[in-house]
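Here is a friendly walk through a few local features of one model. Please keep the sequence and the structure at hand as you read.

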Amino acid sequence: MFSHLQPTPIDPILGLMAAYKEDPNPLKVDLGVGVYKDEQGHTAVLDCVKKAEALRLKNEDSKTYIGMAGDLSFNSHIEKLAFGQHKVLLSGRVTTAHTPGGTGALRVAAEFIKKANPDATVWVTNPTWANHISLFQAAGLTVKEYAYYDWETKGLKFDAMMTELAQVPAGDVVLVHACCHNPSGMDLNFEQWKQFAHLAKDKGFTPLVDMAYQGFGLGLEEDSQGLRYLADQVDEMLLCSSCSKNFGLYRERIGAVSIVTADSKTTDIAKSVLLAVVRSIYSMPPAHGAIIVSHILDSQELTALWHQELAVMRNRINDYRQLIIDKFAAEGITQDFSFITKQHGMFSFLGINKEQIERLRKEFSIYMVGSSRVSISGLNHSNIDYFANAMAQVLK
Ligand code: PMP
């Protein structure tokens, strides 16, 4: 039966990564991959992680299974990081399972939604992280897009978004990015979060917040402001978190799915459904990443170190957002790229066309996704001038 299989096209980002790897040009620049890189172009292990791992190595006395919900201490930490001292936690309205990455969290959330409402449509931003669509479709859910990014103004289509979401029926799910929207970098401001939260409450659709970049936008607390306001307003919501970026734990595959229900009795039922979903996919999550995060957040010293290291990553990206503008001006580029400094997180769309993207790759070995999404931390002091100069040439 395998001989009937048709090849599945590979994800364009993976294809781009492979092409970059093979490119012999010593000046090549990778702006494709969504992984934080430092000034040396390296994705280093954070010091707080190294220290937590050393502690783990010393103290680990068993490799027996952890439960289906994963590491309970991690779950409690991740809830507090997201919700702070929120009433939903104090009143026992949240249940959390740690998952293999944010992707695992979304996949489990998709199956959970399918059990809660098999006919639910999941609404995602246009555009969104491409895997969102596959993840929800894989659970048999319908996925539709709502207006979000405005290619003309390089901002948000907020009015259109609100108009379209006003038509979403109760029982559907609306996915919203907590911060650092992937791929556009364009986030809702707090006022817009409030309006979105009131709409969710009025219309009765269920929000699903995807938080893959907490701490990469404005700060740990600031990046969860919108989601906390949303939790003030609605009875039910879902949250998918990831520790890939903010703890640099990409390959450890560590994330969490949290379900907020209207009362603690429903939380118990939701928990049993959630754990049944987990059991039928991977039974129990890998423990290592969760234990590292727990060790960091259990210790005041390691937490302070983590905050520092996270701030270094965040500030480097934000500094480069400004530097891009300055270098473009120095190269005599007259087009307006000021939107780059209004966006947050790893990504922005440059808004250049396919031919220009192709020229950057072929003539200059500068790699970015076909949508013109660039991963800002791929820039550093050794390549920013080269990049700005190449941009000036293709924009002529
Ligand atoms: N959501 C979004 C919006 C993302 O960009 C990503 C990572 N690219 C994820 C979820 C999943 O992250 P993880 O690597 O933890 O699976």
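Helix α10 (residues 264-281) has 18 residues and at 1.5 Å a residue should span 26 Å, which agrees with the 26 Å between its end C-alpha atoms. The expected span here is 1.5 Å times one less than the number of residues. This is a predicted model, in which local features need pLDDT of at least 70, side-chain atom pairs count only at pLDDT 80 or more, and totals for chains, interfaces and linings use all residues. Residues are numbered from 1 along each chain as its sequence is written. Helices (H or I, at least four residues) and strands (E, at least two) are DSSP runs, numbered from the N terminus.

Thr267, Ala270, Leu274, Val277 and Val278 are the buried residues of α10. They cover an arc of only 95 degrees around the axis, so they sit on the same side of α10; the arc is that of the directions from the helix axis to the C-beta atoms. On the other side of α10, the exposed residues are Lys265, Asp268, Ile269, Ser272, Arg279 and Ser280. A residue is buried if 20 or more other C-beta atoms lie within 10 Å of its own, exposed if 12 or fewer, and partly exposed in between, with C-beta atoms placed from the backbone. What do the buried residues of α10 pack against? Their partners are β2 (94-99), α5 (101-116) and β10 (255-260), where contact means C-beta atoms, placed from the backbone, within 7 Å.

**A helix pair**

The axes of α2 (residues 47-59) and α12 (residues 300-330) come within 8 Å and cross at roughly 150 degrees. That makes α2 roughly antiparallel to α12, a term used for angles over 145 degrees. In this contact, Asp47, Cys48, Lys51 and Ala52 of α2 meet Leu302, Leu305, Trp306 and Glu309 of α12. The contact residues divide into five nonpolar, no polar and three charged.

**Backbone exceptions**

Most residues other than glycine have a negative phi, and most peptide bonds are trans. The table gives some exceptions.

| Residue or bond | Backbone value |
|---|---|
| Asparagine 126 to proline 127 | cis, omega near 0 degrees |
| Asparagine 182 to proline 183 | cis, omega near 20 degrees |
| Cysteine 180 | phi near 55 degrees |

Proline 127 is in the loop between β3 (121-126) and α6 (130-138). Cysteine 180 counts as buried because 26 C-beta neighbours lie inside 10 Å. Serine 365, in the loop between α13 (354-364) and β12 (366-367), is partly exposed, with 19 other C-beta atoms within 10 Å.

Note on methods
Two residues are in contact if their C-beta atoms, placed from the backbone, lie within 7 Å. Axes are lines fitted to C-alpha atoms, for helices over the stretch in contact, and angles run from 0 to 180 degrees between N-to-C directions. Angles under 35 degrees count as roughly parallel, over 145 as roughly antiparallel, 65 to 115 as roughly perpendicular and the rest as oblique. Ala, Val, Leu, Ile, Met, Phe, Trp, Tyr, Cys and Pro count as nonpolar, Asp, Glu, Lys and Arg as charged, and the others, Gly among them, as polar.
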